[in-house]
Structure formats: C-alpha cells, structure tokens
Amino acid sequence: MAKERAADTLPDRLSNDPKSPYYNEGLLQRDIGVRFKGMEKTNVVEYCVSEGWIRVEAGKTKDRYGNPLTIKLTGPVEPYFKDEK
C-alpha cells in the first residue's frame with residue numbers, strides 16, 4: 001500500500017528529458033498535467049514546485065546540439081494526474 005501512495009504523489013521536481021537527473025519514466029507514463037498561474041500548460045519540459053518555476057520550449061528554436069531551447073517562467077506551479085479529477 002505504501003508503494004501505491006508513493007506512486008500517486010508527484011515529486012517536487014520532474015523533467016521529461018532523459019538526460020536530466022529529475023527524469024522519471026514510470027511517472028511520465030501516466031498522464032500528468034501542469035497548471036501554471038492557474039492555466040493549463042501542455043508544453044512544459046520541466047517543473048519545480050518548491051522554487052515556483054517551469055521550463056517551456058521556445059518555439060521550434062534549437063541550440064547548437066539540436067536540443068530545443070527552453071524558457072524559464074516563474075510563478076505558482078500545480079502538477080496533477082489528469083486521470084484524477
């Protein structure tokens with residue numbers, strides 16, 4: 001039962017980049033939503049609840065390694081599982 005509860009809570013920080021230390025494939029397989037400043041965001045690359053920021057892709061712009069450029073936005077962050085309403 002403790003494992004089920006741990007799986008039902010989102011971490012303080014999560015990234016969808018496999019190179020990041022905050023990447024968690026098991027959690028990302030579930031449908032996770034992020035509310036930022038009260039609005040649903042669908043293009044979030046990484047978030048941190050305690051520090052109050054998200055990273056979103058900056059259009060189709062790429063860095064010199066071919067990775068998408070991201071912009072850090074600050075404000076209240078509320079991650080949640082979309083299957084739990």
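Predicted model: local features only at pLDDT ≥ 70, side-chain atom pairs only at ≥ 80, totals over all residues.

## Surface and overall make-up

Residues are numbered from 1 along each chain as its sequence is written, and side-chain values use heavy atoms, with hydrogens and water left out.

The secondary structure comes to two helices and seven strands, where helices (H or I, at least four residues) and strands (E, at least two) are DSSP runs numbered from the N terminus. From that end on, the elements follow the order α-β-α-β-β-β-β-β-β. Of the 85 residues of the protein, 25% count as buried, with buried meaning under 20% relative accessible area, exposed over 50%, and partly exposed in between (1.4 Å probe, protein chains only). Among contacts (heavy atoms within 4.5 Å) between residues at least 6 apart in sequence, 49% join residues at least 24 apart.

## Strand pairing

Three strands form an open sheet in the order β3-β2-β7, and the pairing is antiparallel; two strands are taken to pair if DSSP finds at least two bridges between them. The edge strands of this sheet are β3 (39–41) and β7 (77–81), each of which pairs on one side only. Neighbouring strands of the sheet are turned by 35° against each other on average, direction ignored, where axes are lines fitted to C-alpha atoms, for helices over the stretch in contact, and angles run from 0 to 180 degrees between N-to-C directions. Strand β2 (residues 32–36) is joined to β7 by five bridges, and Arg35 has Glu78 in β7 as its bridge partner.

A further antiparallel pairing, over six bridges, connects β5 and strand β6 (residues 68–74), and here Val56 stands opposite Ile71 in β6. The hairpin of β5 and β6 has five residues between the strands, and in it Gly66 takes a positive phi near 90°. Lys37, although not a glycine, also has a positive phi, of about 55°; this residue is placed in the loop between β2 and β3 and is exposed, with a relative accessible area of 54%.

## Nonpolar core

The largest nonpolar core has 11 residues, among them Leu14, Leu27, Ile32, Val34, Phe36 and Phe81; such a core is a set of buried Ala, Val, Leu, Ile, Met, Phe, Trp, Tyr and Cys residues joined through side-chain atoms within 4.5 Å. At least two residues of this core are supplied by each of β2, β4 (44–48), β5 (53–62) and β7, and the largest share, three residues, comes from β2. Leaving aside its neighbours within four places in sequence, Leu14 is in contact with several residues, including Tyr22, Leu27, Ile32, Val45 and Tyr47.

## Salt bridges

How many salt bridges does a search of the whole structure find? The search finds four, a salt bridge being a side-chain nitrogen of Lys or Arg within 4 Å of a carboxyl oxygen of Asp or Glu. One of them joins the side chains of Arg13 and Glu46 (3.0 Å, N to O). Because Arg13 lies in strand β1 (residues 13–15) and Glu46 in strand β4, the pair ties together parts that are 33 residues apart in sequence. Arg13 is partly exposed, with a relative accessible area of 23%, whereas Glu46 counts as buried at 11% relative accessibility.

The side chains of Asp83 and Arg30 meet in a salt bridge as well (3.4 Å, N to O). This pair links distant parts of the chain, with Asp83 in the segment after β7 and Arg30 in the loop between α2 (25–28) and β2, 53 residues apart. Asp83 counts as exposed at 56% relative accessibility, and Arg30 as partly exposed at 25%. Glu40 and Lys82 also meet through their side chains (3.9 Å, N to O); Glu40 lies in strand β3 and Lys82 in the segment after β7, so the pair ties together parts that are 42 residues apart in sequence.
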